[in-house]
Amino acid sequence: MTNHWIDLKNADVVLVMGGNPAENHPISMKWIIKAKEQGAKLIVVDPRFTRTAAKADIYAAIRSGTDIAFLGGMIKYILDNNLYHRGYVANYTNASFLVNPEFKGPGQLNGLFSGYDPKTRKYDKKTWSFQMDENGVPKKDLTLKDPNCVFQLLRKHYSRYTIDTVSSITGTPEEKLIEIYKMYGSTGRPDRAGTECYAMGWTQHTVGTQNIRAMAIIQLLLGNVGMAGGGVNALRGESNVQGSTDHGLLFHILPGYLPVPSASLVDLNAYIEKYTPKAKDPRSVNWWSNRGKYITSYLKAIFGKSATKENDFGYAWHPKLDEGMNASWLNLFDQMYNGKFEGFFAWGQNPACSGSNAGKVRKSLGKLKWMVNVNLFDNETGSFWRGPGVNSADIQTEVFMLPCASSVEKEGSITNSGRWAQWRYKAIEPIGQSKADAEIIDELQTRVRKLYQTAGGKFPAPIVNLTWNYKTAVKQIDTHEIAKEINGYYLEDVFDTKATPPKQLGKKGQLCASFVHLQADGTTSSGNWLYSQSYTQKEGKVINMMARRGKADPTGLGMFPEWSWAWPVNRRIIYNRASVDLNGSPWNPKRPVITWDPVKLDKNTQKPGVWVGDVPDGPAPPMGTDGKGKYPFIMRADGMGSIFGPGLADGPFPEHYEALECPLQENLLSKQRINPAVKLFYGKEGSKEEDIFLSCDMRYPYVASTYRVTEHWQTGVLSRHLPWLLETVPQLFVEMSEELGAEKGIKNGDKVVVKSARGQVVAKAVVTKRLKPFKVAGSTVHQVGLPYHFGWQFPEDGSGGDSANLLTPTIGDANTMIPETKAFMVSVEKG
Amino acid sequence: MSLSRRDFLKLSGGTAVAGAVGAGVTPEEAAAQDEELRIKGATETKTICPFCSVGCGITVHTKDGKVVYSEGDSEHPISEGTLCSKGASLYQIIHNETRLTKPRYRAPGAKEWKEVEWDWALDEVAKRIKDTRDRTFKATSKSKVKEKQPDGTEKDVEKEFVVNRTDGIAHVGSAALDNEECYILQKWLRALGLVYIEHQARI
């Protein structure tokens, strides 16, 4: 989230699209209701009339997979009716930048952007560039009239997204579209804020990234980013999926969003050179110019004293990806199917039910020599060798199932969706012989290290040089020691050499105050720069900032700056420099996030001029200050919010494409039916039958989507075993409209079989008014929905049914490779 | 655990009414007393809900090393004491008879699990990690890169680079671990040379 949960109360309009907080983030709904009590309007757009929709002022149904058409129509409406926040758009976004005149869009190239190569299914992005002046700074037209400026290109691109076309694609009635566009567009007024809440309803599509980009464009046009009650807010699915992402449990990032090194970056200098963006404009803060400090401090954290200037801080010990290698989820399981892996860890995850095309995942597991499954409960992954249709004798995989402790049987922090890292205490010892995950990691690490120390082996350096200083007098592994390593230390006395005389920033051996003090010369360490300040030292005293429970709310906006700790540097609303005008006065004086006080003295410099309110995105004076003002979007090299996004794989503007499986023969907007930049697993030489997809096929006529219910969690491993929850929602069901029920002769409670090109599940029919048939391109289209919480392993009598992911396809988003489980095609028959 | 919630309500409701007759208190008062007794003398521990990402506060009551009750933390600024049906069921995770309490092992071709000792399981896993790593370790690998030609143009060329990685092992999970655990987990996996590291955030 750019903002945080309580901040939802500060919105004037809340748009929930691609999420369902009332059921999946129930307590957050308290703050949406609070906003409503204060006069805010709630808009819900969803294929299904959810419990969030039940509280909405306006609800609109949308066919799964058509959000870009819906949002593109909103962009057009905002531009056509001059609802955008002009001062914000001109000064804080790249709307004024001039684009290469060679750039062409889908309106000109029938669904493609310039530079497409059909053989590789990739774009050459040469023409997706800005025109530069003689100083290497993008050329601008602040009047936004130049035909090559981003603003005019945006207008041109979305001129095709007329109300009738959008309605025909999405199935949303025209009058609903207009009503919603008007309502949400009203937040373009500087003193009004609109917020957007999304979850997997937006990410799990072949156009997932561009769904969110489309909303980001709207929020920038309306001046809603950085504002209290604004922002683009991902409602993340798991208690610590924010923290686990921050800490780099993904193939492409290390902790703190540092890219994983690739083969051609042969030394640390080459790495830093490649990943340190250059900004020629002195008004751009360009925060990633600090990359060298963060990667060096990371290497010092993980390799300690063994990491020296002479050995490039151990950079060579770190594994490298091949250039262009994508080791993400779908490719990982494809490689597993191919027999690439001997060993596999499924640690606190149940891919046999959570992976898209779960049937293929289950087959892949049988190709392993050994698997380690760490969990609180037995599950479909650990027990795959005794699953339905599997002959155990044929499966040669050894499985080690290691029992781990629950969250109250250990101590540590987790980070919620609003970026608050909150400390949890240990209430009891682990049950039975179960162990905290940290202990299991510690045990395995210690044993593997010993084997390499005693017996040698391939390339032992990273294993034997890895820092592992977590043992204390009382504990084998103390999570406080890990938290301190993450925060980082001054390894020498560190000085600010720019000051005269040089000012001491920190003393050798102490915990770093924040990432602002990290150095690129090996004199500091930090396991994750983004969390530097989370466990720190003030006047010598060690403070676990994440354990704080202060209830002060000085702004009255619900930021609670003394409750736990938020990354970065306890900033509660990121991009908050965009919440003020060029002189530092809040766009919305009723809800100021930060305000520039030109008279008050700065505590550090004793000079007049200081920000009050939230922790600002950097201490520099407001943008309009002569000579010293800085642009607001400090993480962007050009300092501007990106309306034009040249870094994406599938286009600098979001364009509507249909899902891999959809009910239409053609995309109503162009000749490109699906996202032209997605990786196809099926339909070429060597394709696997498991990856089959069938679009617009009479055998699978209904659009389907997966979703969740309040009473269960993800694949259900942590909820199917809880008697209360299992009793309330005991088994797989499929929701369908009364019209579809009548057409198929299916009544509420009937047993039905839902099939896709890849698999089938048995489910109870829930025939409901919550779903209605859509009018799409003049025809009737039905949509059904299924939760994915169930699996064959528990309840042990099989009464829960199996995973809805047995139906979902092998295809991912063009940018992130997140599988498309929110739009695919099925049949439903009485069973 | 064979008692369903509905049975439980019937039972406890019945008990409360029976008690009420004897003690001259209403069922509501009896229920309130029940609650008080359950947490009387218990130790309070603050935690955060392990389910969704709202981060609601929960107070866990423990007595004699057992969790006797859990409830919303009324001081928590986001949840203000409230919990959803999952958060409210937290304590059922803890003393749950279907929890795994001992390591298990399944041999190649076996039809059943076998309970094993931790020491054995950890040693065997460590051996397999080393064995697979040593056999599948890749010191160098070929990558296509763009190389500047003498005439100023760029050409794709295939070159061998040092990669120092273990291609024979993959990992998925875990968004339910604590931050500190996530950090040391990725640190250790990468020290082993793994690059196939993924988790819930991708799906």
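Author: A residue counts as buried when its relative accessible area is under 20%, as exposed when that area is over 50%, and as partly exposed in between. B:Arg128, with a relative accessible area of 16%, is therefore buried. The model is a predicted one.

B:Arg128 forms a salt bridge with A:Glu398, and their closest N and O atoms are 2.6 Å apart. This pair crosses between chains: A:Glu398 lies in strand β12 (residues 398–403) of chain A, and B:Arg128 in helix α5 (residues 118–136) of chain B. A:Glu398 is buried too, at a relative accessible area of 11%.

Another salt bridge joins A:Arg160 to A:Glu655, with 2.7 Å between the closest N and O atoms. Here the pair links distant parts of chain A, 495 residues apart: A:Arg160 is in the loop between α5 (150–158) and α6 (163–170), while A:Glu655 is in the loop between β23 (608–613) and β24 (702–707). A:Arg160 is buried at 18% relative accessible area, and A:Glu655 is buried at 2%.

A:Asp750 and A:Lys830 form a salt bridge whose closest N and O atoms are 3.6 Å apart. The two residues are 80 residues apart in chain A, with A:Asp750 in the loop between α20 (738–744) and β26 (751–755) and A:Lys830 in strand β31 (residues 824–830). A:Asp750 is buried, at 14% relative accessibility, whereas A:Lys830 is partly exposed, with a relative accessible area of 46%.

Salt bridges also link A:Asp322, A:Lys340, B:Lys138, B:Arg165 and B:Asp167 in a network. Over all chains, the count comes to 57 salt bridges.

Conventions. Residues are numbered from 1 along each chain as its sequence is written. Chains are lettered from A and ligands numbered from 1 in the order in which they are written. This is a predicted model: local features need pLDDT of at least 70, side-chain atom pairs count only at pLDDT 80 or more; totals for chains, interfaces and linings use all residues. Side-chain values use heavy atoms; hydrogens and water are left out. A salt bridge is a side-chain nitrogen of Lys or Arg within 4 Å of a carboxyl oxygen of Asp or Glu. Helices (H or I, at least four residues) and strands (E, at least two) are DSSP runs, numbered from the N terminus. Buried means under 20% relative accessible area, exposed over 50%, partly exposed in between (1.4 Å probe, protein chains only).
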